[in-house]
Structures are given as structure tokens and as C-alpha cells.
Amino acid sequence: MKNSVMIPQEILERADLSPCVKLVYGRVAVLIGKTGTAILTTDELARQCGITRRQAAKALPELVKLNLVRRHESLSGSGLLRVFQQSAEIEKKK
């Protein structure tokens, strides 16, 4: 499952999310699930999902805005690396 994607049913069925956002969420969720935090570049995420860098860059802030993932402040301001953690809302549902 090195480059796997896991999209939960409740995310998959959401009509307000584009297929690209669902895909990015699925990949980030797998990465977060391994260590609790995902540290990645937009370019690497795009490559792993088979989408453009622009699509990945647009999907990440949308996931944060929807409270599906949250930014970790350890690298705030860094344009190269993005750090995400699981949202508190998602943690409560477990």
C-alpha cells in the first residue's frame, strides 16, 4: 500500500467535493494514518495522485476549509513542505 488511496464512504458520497478533492483527501488520509501527520510537497502529492500540481494545490486548502484535515503550524509560511494532521472532527467520528 505504498501509494494507496483510501476514501471513506462518507467522503466519497459528498456531492460538494470534486473528484480531485476526494482523491487528494484519500491520499493524505493514508499518509496521516501511518504516523498521525503527513509531511509532503504539492509536487509529490500531485505525482502520487496522478493529477497536476495546480489541482493538488487547490485541493489542499479546500480540505482544510472543510475541516477534513488541519494544517500543522510547525512549518507555517513554508511554501515547499506542507504538514497536515487529521481534523478533530474526523477524530471524533472514530
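## Leu 40 and strand β1

Leu 40 is found in strand β1 of this predicted model, and with a relative accessibility of 6% it counts as buried. Its C-alpha atom is separated by 9.0 Å from that of Val 28, a residue 12 places away along the chain. Strand β1 spans residues 37-40 and is among the elements that each supply at least two residues of the largest nonpolar core, while Val 28 is one of the residues with the most contacts inside that core.

## The nonpolar core

The largest nonpolar core has 20 residues, and those with the most contacts inside it are Val 24, Val 28, Leu 45, Ile 51 and Leu 63. At least two core residues come from each of α2 (19-35), β1 (37-40), α3 (42-49) and α4 (53-65), and the largest share, 6 residues, is that of α2.

Ile 51 shows how such contacts reach across the sequence: leaving aside residues up to four places away, Ile 51 touches Cys 20, Leu 23, Val 24, Ala 46 and Ala 56. Across the protein, 48% of the contacts with a separation of 6 or more are between residues 24 or more positions apart.

Which residues of α3 are buried? They are Thr 42, Leu 45, Ala 46, Gln 48 and Cys 49. Viewed down the axis of α3, these buried residues fall within an arc of 165 degrees, and they therefore line one face of the helix. In general, an α-helix has 3.6 residues a turn, so residues three or four places apart point the same way.

Just after α3 comes Gly 50, which takes a positive phi of about 70 degrees.

Cys 20 is in no disulfide, and the nearest cysteine sulfur to its own, that of Cys 49, is 7.4 Å away. Because a disulfide requires the two sulfur atoms to be within 2.5 Å, the sulfur of Cys 49, at 7.4 Å from its closest cysteine sulfur in Cys 20, is too far for a bond. By this rule the count for the model is 0 disulfides.

Are these two cysteines buried or exposed? Cys 20 counts as buried at 17% relative accessibility, and Cys 49 is also buried, with a relative accessible area of 11%.

Asn 67 lies in the loop between α4 and β2 (69-71). The phi of Asn 67 is near 65 degrees, a positive value in a residue other than glycine, and the residue is partly exposed, with a relative accessible area of 33%.

## Overall architecture and confidence

The secondary structure comes to 5 helices and 3 strands, which follow the pattern α-α-β-α-α-β-β-α along the sequence. The protein has 94 residues, of which 36% count as buried, and its accessible surface comes to about 5700 Å², with 54% of that surface belonging to carbon and sulfur atoms.

The average pLDDT of the protein is 80, and 73% of the residues score at least 70. Among the elements, helix α1 (residues 9-12) has the highest mean pLDDT, at 92, whereas helix α5 (residues 88-93) has the lowest, at 50. Where pLDDT is low, the predicted coordinates should not be read in detail.

Definitions and conventions. Residues numbered from 1 in each chain as written. Predicted model: local features only at pLDDT ≥ 70, side-chain atom pairs only at ≥ 80, totals over all residues. Heavy atoms only, no water. pLDDT = per-residue confidence, 0-100. Helix = DSSP H or I, 4+ residues; strand = E, 2+ residues; numbered from the N terminus. Core = buried A, V, L, I, M, F, W, Y, C linked by side-chain atoms within 4.5 Å. Buried < 20%, exposed > 50% of the residue type's maximum accessible area, 1.4 Å probe, protein only. Contact = heavy atoms within 4.5 Å. Arc of directions from axis to C-beta. Areas by Shrake-Rupley, 256 points an atom, 1.4 Å probe, with all protein chains shown as cover.
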